[in-house]
Amino acid sequence: ETCITFLSISQPDKNNAGIKWENYKEAFDIFLPMAQKPTKWGKPTPINSLPCEGINSNSKVLRVTSKVSPIINETDQAVGGVLIDRNKNLVHYEVYMNQPMFDYVVENEFYNAAVQAGSNINFPVNSMELKASWRILDPAVDDTSRYYTSKAIIYIPNDATVNADDCIPQSVKERMEVCSEKLVGLVGLHIVYKTPSNPHFTWMTFEQVDNVESTTVNGKTIPASLRNESTKIAYCPDNSRQCNCPEQETSQITRQIPIPEWVSDVNKTVRDSLASANSVWTNYQLIGIQWAQDDSRTGNPILTNLGNTSMETFNQTASSCIGCHAFARSSNPTIYSDFSWVMGRAQIRPIQLPEANGKSLLTYVMRENPYSKWGTWPNDQWNTYNKATPGENPHGDMIRIYVNANALIYYDSISRIGQLPDQPELPVGSIIVKENYRTKPGQVPKPSDLVELTIMYKAVNDQKDEWFWMKARPYGPIDVAGFKIGGCSSCHENWKGNGDGMLSFNFGKRPVVTNVPYKKSDESYSIKEIKKLKEFIAQKD
């Protein structure tokens, strides 16, 4: 049945070019920049068109990237490291979903990381995910008839931005082009299929037969495609990662886990049945299958190890498809993603900052970007995240304060530098929400005790950075809102030693408590960048 599945989805597509699975949705067409909704099944994705001058093609796109590129690296393997074939070209990868899996992602908006992060993922029966590996073929030296081939646009931004950590040798970089259309041959294929009897999916992997072993056909030697004895370096062990042996110009790959005898028998039976049809698929072989035998997360499969020499190249002796994917996470690292690592590619849809008016600001903090999910100024001495702190007139007997990401990024930056500017000023886009409770000190505030919200919003007014002030009930009405609110600005902006209307709450030096723990941001700014931060965010807004 495994080989039947492989052959069935590898039939020519009646309505499109290529074979059936090549017309499934590729990951780059699903997880789009800014969490845009993918185009419908069977429709192209214009946003993913590449600026390749002189190339007007409907070919598949195989992408390569670097640290500074926004494109996800499709040359790195599951456990890291690039694979270089015998012709000194990188091997490339792509990931596909079939329609049931794709429809599930779209219907649930799981292409949006923010939506996905708060949801449990449970793909429907008949969901299928595939990962394919391709090598660039040179008809002058490669027997292209032994491969399933396709035309592909190889996209590499430029050789100066190739990830340095991949230790790609100069001789390989010299062969790279920003955009080029090449003939590529399939060298590996993972198929992951969810069936009623296998809710943990069935895992199967295939390879082109010449990957790691040379053979003789009609008196002609067909060399292994993922090793090249003529470039072997004596002190570099086989299956070395490139960074462990940067001198090697080609990878030297061997199969470390033998193909089980029962799998070889299946391959022979299928190959014999295809011989009369002169099918290219006689040059492909099943490497193994895994399926869960119990209800444990990793399923206790019959084959403990299962790896593909073109995909788990450097981790063959410890590779297990189900063992690895069992712990795949969604965009929320605390939630499993139903065995699919690709779900972590979901991107964030940027939330536009609100206009400086009461209605827009209240809608923003209550619905568009709920303040209850924000963090607060850090203070290890006082922040216990489960009780409010005493307030002062006119803010009620108890308060909680919430701070948005723009303000916390700034705080993290100056904290890491270890130097507070003379008059620190939060950047445009900073929002601080204060919950005002009538609860007496020592009591736990209830939602019904929430009297009002007081909000500070750093915005641009008449080309100047100013605080916009607001007092409102959580769902209205708005009591007061504006840039010049005497009762607010007369107190805040006259506080000495501050310069930014923050009173003594400036960067967490006063005990401020919320039920949301403070989390450091992943971004940071230098002293020079901090000076430009307000203009940067203002332009962004």
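Buried here means under 20% relative accessible area, exposed means over 50%, and partly exposed lies in between. The model on screen is predicted.

**Stop 1**

Select cysteine 321. Its relative accessible area is 8%, and the cut-off for buried is under 20%, so cysteine 321 counts as buried. Cysteine 321 takes part in no disulfide; the nearest cysteine sulfur belongs to cysteine 324, 8.2 Å away. A disulfide requires the two sulfur atoms to be within 2.5 Å.

With a relative accessible area of 38%, cysteine 324 is partly exposed.

**Stop 2: the disulfides**

How many disulfides does the model have under this rule? The count is two.

Select cysteine 167 and cysteine 243 and show the side chains. The pair forms a disulfide with an S to S distance of 2.1 Å. Distant parts of the chain are linked here, as the two cysteines lie 76 residues apart. To find cysteine 167, go to the loop between strand E5 (149-155) and helix H4 (170-173). Cysteine 243 sits in the loop that runs between strand E9 (220-222) and helix H5 (261-275).

Next, select cysteine 236 and cysteine 245. Their sulfur atoms are 1.5 Å apart and form a disulfide. Both cysteine 236 and cysteine 245 are buried.

**Stop 3: the second largest pocket**

Turn to the second largest pocket, whose volume is about 1,300 Å³. To centre the view, select Glu22, Asn23, Asn58, Ser59 and Lys60; of the 40 lining residues, these are the closest to the pocket's centre.

Then colour the elements that give two or more residues to the lining: helix H1 (2-9), strand E1 (25-26), strand E2 (60-63), strand E3 (92-97) and E5. Which element gives the most to this lining? E5 does, with four residues.

Finally, colour the lining by residue class. The lining of the second largest pocket holds 15 polar, 13 nonpolar and twelve charged residues.

Definitions and conventions. Residues are numbered from 1 along each chain as its sequence is written. This is a predicted model: local features need pLDDT of at least 70, side-chain atom pairs count only at pLDDT 80 or more; totals for chains, interfaces and linings use all residues. Side-chain values use heavy atoms; hydrogens and water are left out. Buried means under 20% relative accessible area, exposed over 50%, partly exposed in between (1.4 Å probe, protein chains only). On a 1 Å grid over the protein atoms alone, a cavity is a set of points where a 1.4 Å probe fits but cannot get out, and a pocket is an open set with protein on both sides within 12 Å along at least five of seven lines; lining residues have an atom within 4 Å of a point. Grid points are joined across faces, edges and corners, and a volume is the space filled by probe spheres set on the points. Ala, Val, Leu, Ile, Met, Phe, Trp, Tyr, Cys and Pro count as nonpolar, Asp, Glu, Lys and Arg as charged, and the others, Gly among them, as polar.
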